[in-house]
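Please look through the sequence and the model shown below.

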Amino acid sequence: MRSTALFVGGVAVALTVATAGMAQAAHDTNPSPKVASYSYSLNAVQAPSVPNSSASGMTRVKTLPNGKVQVKVVADGLMANAPHAMHLHGVDGPATDLGCPGPAADADGNGFVTTLEGLPSYGGILASLTTTGDVSAASALALDRFAVADASGHLSYSRTFSQGDALANADTVQVVIHGIDINGNGVYDFEAGPSSLTDAFPLEGTIPVLCGGIAN
């Protein structure tokens, strides 16, 4: 079994390449200097038949007068004691109305909605919701810097950061959380197969579990 450390090492590059050209801002002007706050639920992406995928959550995205974005996420039912990659996603133009994918997005019929199958709905990465450091798409799966769910599968995240695309698109972004322990063994491994991004990394670590946004 290949280790989670191997998984962390290069998957950010793969996801950045996969989403290239899709993470452009949906708007070309920033919101007014007033505080704007957008709150919404995060809902399960996968079909109920996918083991350990029945999570739920809430998120709030704020644009602040100082040109920063504040993102808060609370989720339950996630893989316990594990980091979960989280991002603000966006799609150019009218495609923002597509919102989040559901089980019908499983185009190849293998029973899972993969990261790539979800991209036409939620789009490319506008910001990586890391706990420290870089928030660009280059940190897409820097698992050592994403929030970790506790022993009960609860995750709480809050960060304020400067990022132009996130600020410009705060009213239409999709928040996506990744990572499902499909076989229930407590680690991200290859038993369920490789990631849709590259055969070098496991499906469990990149598969979307929750998604929500203003465009839903």
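In the pairing of two strands, N43 has C211 of β8 as its opposite residue. The strand facing β8 here is β1, and the two are antiparallel, with two bridges between them. Strands themselves are DSSP runs of E with at least two residues, helices are runs of H or I with at least four, and both are numbered from the N terminus.

This is a predicted model, in which local features need pLDDT of at least 70 and side-chain atom pairs count only at pLDDT 80 or more, while totals for chains, interfaces and linings use all residues. Residues are numbered from 1 along each chain as its sequence is written, and side-chain values use heavy atoms, with hydrogens and water left out.

The whole sheet is open and has eight strands, in the order β5-β4-β7-β8-β1-β2-β3-β6, with antiparallel pairing. β5 (124–128) and β6 (155–161) are the edge strands; each has a single partner strand, so one side of each has no neighbour in the sheet. From one strand to the next, the twist averages 25°. Such angles run from 0 to 180 degrees between N-to-C directions, with axes fitted as lines to C-alpha atoms, for helices over the stretch in contact.

Helix α2 (residues 115–122) packs on this sheet and touches β4 (86–90), β5, β7 (174–178) and β8 (208–213). Its direction makes about 170° with that of β7. Touching, or contact, means heavy atoms within 4.5 Å.

Further along the order, β1 (residues 36–44) pairs with β2 (residues 56–63) through seven bridges, again antiparallel. In this pair S41 is opposite M58. Strand β3 (residues 69–76) is joined to β6 by seven bridges, and there Q70 faces T160.

Which residues does T59 touch, leaving out those up to four places away in sequence? They are Y38, S39, Y40, L42, V71, K72, V73 and V175. T59 belongs to β2 and counts as buried because its relative accessibility is 3%. Buried means under 20% relative accessible area, exposed over 50%, and partly exposed in between (1.4 Å probe, protein chains only). A polar atom of the T59 side chain lies 2.8 Å from the backbone oxygen of K72.

S152, in the loop between β5 and β6, counts as exposed because its relative accessibility is 58%. Its C-alpha atom is 5.9 Å from that of A80, although 72 residues separate the two along the chain.

Methods. Pairing = 2+ DSSP bridges. Polar contact = N/O pair within 3.5 Å; in protein donor to acceptor, adjacent residues only side chain to side chain.
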